[in-house]
Amino acid sequence: MNDKKFLDAYFDRIGYKGSRLPSLDLLNNISLAHVRCIPFENLDILLGKDIDISLDAVFEKLIIQRRGGYCFEQNGLLLSVLNKLGFEVTPISARVRLDKPRDFTPPRTHVFLRVELSGNSWLTDVGVGGASLTSAIQLSKNIEQKTNHETRRIVYESNKYFHQILFPNGWIDVCEFTLEEMPEIDRILANWYTSNHPNSHFKDRLIVARAGDDGKRYTLVNREISERDKYGVANKSVINSPKELIKILKEKFNLTFPLDTEFQTPGLLWENNFKD
């Protein structure tokens, strides 16, 4: 497939019809549209399927099949898109720190993107679930930066950078990084761990997330659906049956599955909490 057809299909998937000239506006517009239209999800892992992060496989899944994926799929797709558009972009390795204390060392199983524009470095990340960026942030220390959704900042401590998000209870770490590039072979290895290792948190829980309009976020973790407003306040409810889960996946995330689909994860526990 030539670059024009590839980009046409991608922009149709995210509903973008504006200029394609490399600029900060284009980077921001793509980041927002991508996270609104292509949900973050780990459902294939729970269906016992392998996660192939080759570009052909990712294009087929996220664009043709209109599914979602996690960081190696999401940011891998965006990496290719930005390259084809003429951006100077580098994949950067990171450790996700959401809900993790600083004295715990998570695996380096995350990738996001660094983009150079007019002598400045910008970071975008469409693959970190309910904290995915909806506009790029500048690689500048200790500056509060508003995005289309939450306020962010980058802090530098103990020779590490920390991308942080501002919630009602204060600043929360999203991920930790050193600006080391993450080449394809490292992404392949990290993807294997993320999708296959028994200690991977994607093996024991269902996770789906998407950005909405007006600063809203929709996040599904196992049987709990959360709708977070632009102020970071979340309204949560519990899903009571497998059929209701399939309905929520369609209504909130535009993901279509047969009614008899069974996601294999201990996080659902329908046998103890089932209501038809």
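Predicted model: local features only at pLDDT ≥ 70, side-chain atom pairs only at ≥ 80, totals over all residues.
Two residues are in contact here when their heavy atoms come within 4.5 Å.

Setting aside neighbours within four places in sequence, Ile30 is in contact with Tyr10, Phe11, Ile14, Leu78, Leu82 and Leu85. Ile30 also belongs to the largest nonpolar core, which has 31 residues; together with Tyr10, Leu77 and Leu82, Ile30 touches the most other members. At least two residues of this core come from each of helix H1 (3-14), helix H2 (24-37), helix H4 (55-64), helix H5 (71-85) and strand E3 (110-117). H5 gives the largest share, six residues. Elsewhere there is a second, separate core of 18 residues, with Leu46, Leu220, Leu245 and Phe253 among them.

**Aromatic rings**

The model holds 10 aromatic pairs. Take Tyr70 and Phe72: their ring centres are 6.1 Å apart and their planes meet at 85°, so this pair is edge-to-face, since planes over 60 degrees apart count as such. Both Tyr70 and Phe72 are buried.

**Charges over rings**

Which rings have the charged end of Arg102 or Lys141 over them? The table pairs each charged residue with its ring.

| Charged residue | Ring | Distance to ring centre |
|---|---|---|
| Arg102 | Phe162 | 3.6 Å |
| Lys141 | Tyr156 | 4.5 Å |

For Arg102, the charged end sits over the ring of Phe162, while Lys141 lies over the face of Tyr156.

Terms used
Residues numbered from 1 in each chain as written. Heavy atoms only, no water. Core = buried A, V, L, I, M, F, W, Y, C linked by side-chain atoms within 4.5 Å. Buried < 20%, exposed > 50% of the residue type's maximum accessible area, 1.4 Å probe, protein only. Helix = DSSP H or I, 4+ residues; strand = E, 2+ residues; numbered from the N terminus. Phe/Tyr/Trp six-rings, centres within 6.5 Å; stacked < 30°, edge-to-face > 60°. Lys NZ or Arg CZ within 6 Å of the ring centre and 35° of its normal.
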